[in-house]
Amino acid sequence: MAFLRGALKGINHVTFSVSDLDESFGFYVRVLGCRPVARWNTGAYLLVGEAWVVLILDENTPERSPVGYTHLAFSVAPENFDRLAKRIEDSGARIWQENLTEGDSLYFTDPDGHRLEIHVSDLESRLRADREDPPEGMEFYM
């Protein structure tokens, strides 16, 4: 199998399923020192240095269930997305969710079931989309 070198550009974001958004938001901001970017009724965007962290309200947290929305997303250049997505699908990787956000994404698992995503967009693009059509209760901090 030939390697597809350079298709992934780095970590795009990390998403954590949280059972209590107020408690988790407070922990990540006041205890860990993450910088709040935006928050809405069911989630929040935070920055840790330049890294984008997403909190999503979901009863299926790792403490309660092996299944949930917690996952790691890799950045991929737009010109490499289709080719890499096909390689992932052809590998037999399980697709665990359809893309519901702006920007091309493929949600899949590795052979051990770790939830992963390849994503073309970035936090700035997501914020632009959210400003145009904000989720209920959206509040921007930056």
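How many helices and strands does the protein have? The protein has 3 helices and 9 strands, where helices (H or I, at least four residues) and strands (E, at least two) are DSSP runs numbered from the N terminus. From the N terminus, their order is β-α-β-β-β-β-α-β-β-β-α-β.

The model is predicted: local features need pLDDT of at least 70, side-chain atom pairs count only at pLDDT 80 or more, and totals for chains, interfaces and linings use all residues. Residues are numbered from 1 along each chain as its sequence is written, and side-chain values use heavy atoms, with hydrogens and water left out.

Of the 142 residues in the protein, 45% are buried, that is, under 20% relative accessible area, against over 50% for exposed and partly exposed in between (1.4 Å probe, protein chains only). Among contacts (heavy atoms within 4.5 Å) with a separation of 6 or more, 58% join residues 24 or more positions apart.

Helix H1 spans residues 21-31, and its buried residues are Leu21, Ser24, Phe25, Gly26, Tyr28 and Val29.

Beyond the helix, Leu32 lies in the loop between H1 and E2 and is exposed, with a relative accessible area of 51%. Gly33, which follows H1, has a positive phi near 85°.
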